[in-house]
2 protein chains.
Amino acid sequence: MGGRVAFWFEFASTYSYLSAMRIERMAAHAGVAIDWHPFLLGPIFQAQGWDSSPFNIYPAKGRYMWRDMERICAQRDLPFHKPDPFPQNGLLAARLVLAAQSGDQHADQIGALVRTIYQAQFVRQQDISATDTLGDCLNGVGLPVHLLDLAQSDAVKSRLHQQVERAIAHDIFGAPSFVASKDLFWGDDRLEQALATAGSGATPV
Amino acid sequence: MGGRVAFWFEFASTYSYLSAMRIERMAAHAGVAIDWHPFLLGPIFQAQGWDSSPFNIYPAKGRYMWRDMERICAQRDLPFHKPDPFPQNGLLAARLVLAAQSGDQHADQIGALVRTIYQAQFVRQQDISATDTLGDCLNGVGLPVHLLDLAQSDAVKSRLHQQVERAIAHDIFGAPSFVASKDLFWGDDRLEQALATAGSGATPV
């Protein structure tokens, strides 16, 4: 016990929503601490020649993803609506989480902030690139609205660039991804395995 | 109970190996009958502009897949070796399974034949495009070697073409895939859900 898991999430990612809604509860149960890592898939997808979500580029894969999400959300009693357009632009939301992570005073509210932004998108069908939406999210979890100004500072913009570089250095190619004991796990389906690895402090193989 | 699951598998597919090795046992436990559907991913991948496995085209995804397979096989106590080259050519093996499915007299041995071909590739590191390898597989499960001649008949070649067309009609884009109660499930991670759907005779949502 006492391990850590790095949770790499992209706000536009449907499967990241699944993990965001359950990781804090599950990690607490496993005695594992979470490092929250917002990042952007866009630059990673562009580097491999994709100009949109693979779920848009490959239609059969896209149709399957929406059906798969519908089934999983029904099983987990999670509300879920398809955003229009998809994918949403998660740039400002990612910067906002990084702004809230500046200093340690908001560390206990990061999980709640991340969840309410995902819910704004997939439950309340709001535009998460809009400052109004994100301001409401901050208010909802008791965080100061001035974090939105910090989110648009050069320092935070630069930190998000660095996050993408770090994701690439970890060989991350999709979201959600988890890093535990230096081992990479991809997809909400691997959250249990990542937490077990983090909890044991060693790779399972 | 008394439902059916269609198991769509491609012999070159690593994750199809995972499902092939456990589906018969799990389906029996769930009281579900299996329809075995060998098919080829090559034509489906080519239609979306891929000339090889996505695990070769996207290197980070490929490195992840080999690590993921290593971990899962260790957990399940399954031997697993990376074929060289990857992907292997599963054309003749797919035709052979269709040949063995001509008529009903070998219906009880299809699962064993499929498993031993996957083991030839991923355990014994043999070339599954070679008639010698496939002849040994037939011998190993007590099936007549003359099925190899039938596998190369025009009738069976045409049946494999039809299989690919049927896969596309089911919106299948990867392997393994499962169809239960007309609902599509993709990936070894969804085998449990597909069997539960088949067993209940209804879609879960």
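Predicted model: local features only at pLDDT ≥ 70, side-chain atom pairs only at ≥ 80, totals over all residues.
**Close-up views of the A–B interface and aromatic pairs**

View 1. The charged end of A:Arg71 is placed over the ring of B:Phe185, at 3.8 Å from the ring centre.

**View 2. The contact between chain A and chain B.** Each side of the contact is made up of 26 residues, 26 from chain A and 26 from chain B, and the two chains bury about 2600 Å² between them, with 50% of that area on carbon and sulfur atoms.

**View 3. Salt bridges and polar contacts across the interface of chain A and chain B.** The rule finds 10 salt bridges across this interface, and a salt bridge joins the side chains of A:Asp68 and B:Arg190, with an N to O distance of 2.8 Å. Across the interface of chain A and chain B there are also 16 residue pairs in polar contact, both residues being at pLDDT 80 or more. On the side of chain A that touches chain B, α5 (59-76) and β4 (183-186) each supply at least two residues, and the largest share, 11 residues, comes from α5(A).

**View 4. Aromatic pairs.** Over all chains, the structure holds 44 aromatic pairs. The pair formed by B:Phe7 and B:Phe9 is tilted, because the ring centres lie 4.9 Å apart and the planes stand at 35°; both B:Phe7 and B:Phe9 are buried. In chain A, ring pairs link a cluster of residues, among them A:Phe7, A:Phe9, A:Phe11, A:Tyr17, A:Trp36 and A:Trp66.

Terms used. Residues numbered from 1 in each chain as written. Chains lettered and ligands numbered in written order. Heavy atoms only, no water. Phe/Tyr/Trp six-rings, centres within 6.5 Å; stacked < 30°, edge-to-face > 60°. Buried < 20%, exposed > 50% of the residue type's maximum accessible area, 1.4 Å probe, protein only. Lys NZ or Arg CZ within 6 Å of the ring centre and 35° of its normal. Contact = heavy atoms within 4.5 Å. Buried area = accessible area lost by both parts, 1.4 Å probe. Salt bridge = Lys/Arg side-chain N within 4 Å of Asp/Glu carboxyl O. Polar contact = N/O pair within 3.5 Å; in protein donor to acceptor, adjacent residues only side chain to side chain. Helix = DSSP H or I, 4+ residues; strand = E, 2+ residues; numbered from the N terminus.
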